[in-house]
Amino acid sequence: MQALKLTLLFLFSFTLAKTQTKISGVLKTTKGIKVANANISLKNSYDGASTDSTGRFAFTTTASGAVTLIYSALNFERDSVQINLDHGNLILNLVIKEAMNQLQTVSISAGSFIAGDGKKGAILSSLDIATIAGSRADIFAALQTLPGAQTSFSESGLFVRGGAASETKTYFDGMLVKSPFNATVPDQASRGRLSAFLFKGTSFSAGGYSAQYGQALSSALILESTDLPEKTTTGISLLSVGGGVDQNIRFKNSSITIGGYYYNLSPVYSIIKQHFDYVKAPESTGGNIQYKLKTSPTGMFKIYASYGRTKLALYRANIDTPATPNYFSNHNFNIYLNSTYKEYFGNSWKLESGIAYNKDKDSGLMTVNDYSRQDHLLEGKATVTKSFGQLSNFKFGTETFNTGRLESLNGLARAYNDQISSGFAETDLFLTQKIVVRLGLRGEYSSYLKKYNLAPRSSLGFKTSAHAQLSFAYGRFYQNPEDEYLVIKPTDFEHADHYILKYEINTPDRNFRIEGYYKDYNRLTKINNGNPDNSGSGYAKGFELFWRDKKSIRNADYWLSYSFLDTKRDFRDFPMMATPSFAAKHTVSVVYKHFIESLHTQFGGTYSFASGRPYVNPNNPVYLADKTQNFNSLSLNVSYLTHVLKQFSVLYLNINNVPGFKQVYGYQYSANGLNRQALVPAAKRDFLIGIMITIGDDTFVR
Amino acid sequence: MKTLMKSITLLLVLISFNSFAQNAGPKFIQATKSGLELIANAKGAEDYLKAENHFERIAAVETKEWLPSYYAAYCNLYAGYMTADKELKDQYWDKALLEIDKADALSSNNSEIYALKGALQFMKMSVDPRTRMYLIGESAGSLEKAATLNPENPRIYFIRGQDVFYTPEAFGGGKVKAKSLLESAIAKFAIFKPANTIDPNWGAESAKALLAQCK
């Protein structure tokens, strides 16, 4: 009896204790490097193990027969092998392939500088742009601290790699903005119209940009607007120059933002001595409205409309007859509309479409002459993107602009109108995770010039190590001559060829880049006896360095830019090839930001240096052979974070040119060449003080 | 004979129990418990990754259970805390966010899932606050949803308290503000009873430790 019991027990326990198989081994990369923390598992079973620091693993299983062994690890491609558990213990040598890791995947990078929130390849954030000392939240001033851009204070816009300001174009959600600057005072740069806070991404390309962007010879500034605001909030800003209010209203899938501002510089001008004798200090009013609708989980419709009006009047010194200064008045009126729609179809198609309208009107009195100028642009654009493979895509689209100018002097008017129609196609081909090729083609037809152009674009990226990349770009870029020449008569497209070579190392806390370029300009507009033609040409070559470090100094962040530029061109009214007045050979910028937690304050400083710029001296037989003194500027800002009436607030102070460096942009000569006057900033030093209050949110984020 | 019968019955019971264990129930619970033990004994990032792999293996089999993906995300959250390398932190937390989305797909409107998601979004922000400010809003949104789904979930208050604790005072954070949040977290931990032995029940000790630093 007892024996039977034992036998039975033995039998049962035998069936209970299934055979155990031990699986062990080592996991390595294709290059033989051991992979730690990988997951080894059997399909349809909990059994498995993690690899240790030497890539080894071991576990037992009660499974039997043919099974699938799966192995996976972060940054590697999941793989599997078939094994049979019926022949005892197994020792495996597994090899795993490296996977596409977003951080280590090559990108299209030549020529471009990306600032954006949560964006791959972004070097700066939108907040970085807004808080650069001296820039006073102006995107264009902020970008002048980046390599490739000149410090320009006497003319609005970005002068990039030897190009004139008109060769840099601004795009708002892919749509060209014809008049991105505020009303201009003679020989002074003015701010951009579009607030830095409208955008979540800024891509500043100093060359070699995508075939999606046309009508820009030197540079493309690509601005991407924010999506729905998180909350319903009210923002109030009170500045020494005026104030503004904006109301964000957030609904479940949509939002409305309504904003308005009023600026009047006369109180400030009564304190800070101005170079000009103002009859009426600049006074502006304006407003904007935005509506954003999430049409589906992946679709977005946006509309932005703004209106602005500025008035000013002043006397400028008259070098020829000092007793009678020159009168200048300007009344500017600007409306801008931008509406875009974006949606994904299936899992690989994307449609982007938009319509934009811009009208900018200046009128006033110049000495004794009545002048008026009205620019307009109506644009429609549609782009379709098809993604394929893991990262590659192909896009094509079409775009049409109706653009022109109407100007008059003392009642005599002239105008031109042009319809520029274009089509483009481009592919980003990832040959491997480490090599990407972009090939694009853009064609344009101008109804006014009655001419076609065809522009090839290409860019190449090659990842040399986990954090380093080498890039090359070549492209041809066409642009219509400036409005002031087109209004005289139609000529031909101007064009430039860009060759760019770049090497960069990017880690989360530090960025280093060096970029060299050569640009060949042809068919630039020249004026011969008041008649424009396309006989101009030029070149620009140089290199740039950029270094940013967020880590070495606690709570501090700084970046350094250096640009070397060698350029000559024969255009406009130049009698010969010469370095234009907007090109300094050496440009240096240092931007420093330091947050002191105990003081709730961020301190910022920006130092800019530019070597002397050429100017025309009629007494020197060589054209543009004289140079101004070097340019130096040091600006400081302080932002104190606090609460006013329990609402989150920022108290802000910015002082430009703190040490009062003497800054000369150039010289103006009297007709007889005997007298000259320096072109200088509007004021030696300048300050801005203000408070920004956010109601409806107790954190810094808006 | 009687003893024999008894033995056989016992054996039969044991066998049936054994075969029953082949189904999801107890085996799943047992595996989850041993995973939680790995977490409890974890000392560094590697230990959390080991636990994460364990939960990943369970998740691969139990395609209807949300807990394995939830705990895998939790392990990645802690692996990220214990890693200095910012790129690795980012990768662990990116993976955790994918896992938490997987959990959400299996158990929609789950307060625990949204609480953990909120914690992850906040940590993603902390890697590079200047460029990721927008994640503060997203994190607050997830935690708010978690609170709407179950205002008694103590982890929401703990996570909020933790976030505020590590946010500079100037940006609306600080110890003073964190204190009241952590106190309410501890009050809620005291009365919180998980539905079963494997449901989320973490955070009470950490909340107490953090509160001690507020004094």
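Which helices of chain B are included in what covers the buried residues of helix 8? The model examined here is predicted, so that local features require pLDDT of at least 70 and side-chain atom pairs count only at pLDDT 80 or more, whereas totals for chains, interfaces and linings use all residues. Residues are numbered from 1 along each chain as its sequence is written, and chains are lettered from A and ligands numbered from 1 in the order in which they are written.

Chain B contains 10 helices and 0 strands, where helices (H or I, at least four residues) and strands (E, at least two) are DSSP runs numbered from the N terminus. Its pattern along the sequence is α-α-α-α-α-α-α-α-α-α. Of its 215 residues, 44% are buried; a residue is buried if 20 or more other C-beta atoms, placed from the backbone, lie within 10 Å of its own, exposed if 12 or fewer do, and partly exposed in between. Two residues are in contact if their C-beta atoms, placed from the backbone, lie within 7 Å. Among contacts in chain B with a separation of 6 or more, 58% involve residues 24 or more positions apart.

Helix 8 of chain B (residues 154-166) is largely enclosed by the rest of the structure, because 11 of its 13 residues are buried. The buried residues run through B:P154, B:R155, B:I156, B:Y157, B:F158, B:I159, B:R160, B:G161, B:Q162, B:D163 and B:V164. Their cover includes helix 6 (111-127), helix 7 (134-149), helix 9 (175-191) and helix 10 (204-214) of chain B.

Chain B is divided into domain 1 (26-108) and domain 2 (110-215), with bounds that come from an automatic or database domain assignment. The centres of these two domains of chain B, taken over C-alpha atoms, lie 18 Å apart. Their contact draws 22 residues from domain 1 of chain B and 12 residues from domain 2 of chain B. On the domain 1 side, the elements giving two or more residues are helix 2 (24-40), helix 4 (67-81) and helix 5 (86-106) of chain B. Helix 5 of chain B gives the most to that side, with 9 residues. The residues of the domain 1 side comprise 13 nonpolar, 4 polar and 5 charged; Ala, Val, Leu, Ile, Met, Phe, Trp, Tyr, Cys and Pro count as nonpolar, Asp, Glu, Lys and Arg as charged, and the others, Gly among them, as polar.

Chain A has 5 helices and 39 strands. Its C-alpha trace spans about 135 × 60 × 45 Å along its principal axes, and 38% of its 702 residues are buried. An open sheet of 6 strands in chain A has the order 9-8-12-13-10-11, with mixed pairing. Its edge strands, each pairing on one side only, are strand 9 (122-124) and strand 11 (175-177) of chain A. Two strands pair if DSSP finds at least two bridges between them. Strand 8 (residues 112-116) and strand 9 of chain A run parallel and are joined by 2 bridges. A:I114 stands opposite A:A122 in strand 9 of chain A.
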